[in-house]
Amino acid sequence: LSTGPHISGVTGMFSDKVNIGTPVGTHSCALEVAGIGTQIIAADTASAAAGVGGQVDFYGVFGGTSRTLFGRIEAKKTTTAGYGAGLALSTRVDGGGGLTERITILESGNVGIGTNAPSAPLHIDAQTSSEVIKIEADNDPYISFVENGVDKGYIQFATNDAYIQKEGSGPLYFRMGSTNRVTIENGGNVGIGTTIPLATLDVRG
């Protein structure tokens, strides 16, 4: 047991390392909480209102001994009534005066990056940047499209080539608005201005 200040169930000097419960193994950290079930609860006791909930703040040292808030993980109620809640991850910009919410998970499961009101399972708002998504792989990156476990197609950029591949027997359409402008049938016929090309290249104006 610690020879310094301690409380029941807590071992270690408060100024050194604190272990709560029975740690598994030895770890180099200032605080370790171990046990079966929930280890830590962060609760906000404010009156029921939208936007409040338990949170964990992350600080670091800036400018000598000045403590600065660098990030936050927060669970907050979605509405005043009911129990619906989401999660938010916030970070701080260099030179910025406060935190900015970067990732939001709503009670519906929708995830927002750059928006706190995602309207789709994944909603990205790059705001001032024109590059929204970057996909990188060591070799020939591609995006695959799957419906209920069945492959539907993919888009791939290889070393010197690019591919758009559709699975299944139906045609591939290129649309402007809701109108099909170019049709490629499974047999290879290409139609421009028609969705039923009758030749290898069928152009209708």
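Strands β13 (residues 172-176) and β14 (residues 179-184) pair in the antiparallel sense over five bridges. Strands here are DSSP runs of E with at least two residues, numbered from the N terminus. Two of them pair if DSSP finds at least two bridges between them. Phe 174 has Val 182 in β14 as its bridge partner. The two strands β13 and β14 form a hairpin with two residues between them. Gly 177 sits in the turn and has a positive phi of about 65°.

This is a predicted model: local features need pLDDT of at least 70, side-chain atom pairs count only at pLDDT 80 or more, and totals for chains, interfaces and linings use all residues. Residues are numbered from 1 along each chain as its sequence is written, and side-chain values use heavy atoms, with hydrogens and water left out.

Phe 174 also belongs to a nonpolar patch on the surface. Patches are made of residues with over 30% relative accessible area and no salt bridge; like charges are joined within 9 Å, nonpolar side chains (Val, Leu, Ile, Met, Phe, Trp, Tyr) within 5 Å. β10 (142-147) and β11 (150-157) each supply at least two residues of the patch. Ile 164 is in strand β12 (residues 162-166). Ile 164 is exposed, with a relative accessible area of 56%. Exposed means over 50% relative accessible area, buried under 20%, and partly exposed in between (1.4 Å probe, protein chains only).

Now turn to the sheet. Six strands form an open sheet in the order β4-β5-β6-β7-β8-β9, with mixed pairing. Its edge strands are β4 (55-62) and β9 (122-124), each pairing on one side only. The twist averages 20° from one strand to the next. For such angles, axes are lines fitted to C-alpha atoms, for helices over the stretch in contact, and values run from 0 to 180 degrees between N-to-C directions. Inside the sheet, β5 (residues 66-77) and β6 (residues 85-92) run antiparallel, joined by seven bridges. Arg 72 has Ser 90 in β6 as its bridge partner.

Asp 57 lies in β4 and Arg 72 in β5, so the pair ties together parts that are 15 residues apart in sequence. Asp 57 is partly exposed, at 28% relative accessible area. A salt bridge is a side-chain nitrogen of Lys or Arg within 4 Å of a carboxyl oxygen of Asp or Glu. The structure holds five of them. Another joins Lys 134 and Glu 131 at 3.9 Å, N to O. Lys 134 is exposed at 60%, while Glu 131 is partly exposed at 47%.

Back at the sheet, Pro 118 is in the loop between β8 (111-113) and β9. Pro 118 is buried, with a relative accessible area of 4%. Not counting residues up to four places away in sequence, Pro 118 touches Thr 104, Leu 106, Asn 110, Val 111, Gly 112 and His 123. Contact means heavy atoms within 4.5 Å.

Methods:
Areas by Shrake-Rupley, 256 points an atom, 1.4 Å probe, with all protein chains shown as cover. Helix = DSSP H or I, 4+ residues; strand = E, 2+ residues; numbered from the N terminus.
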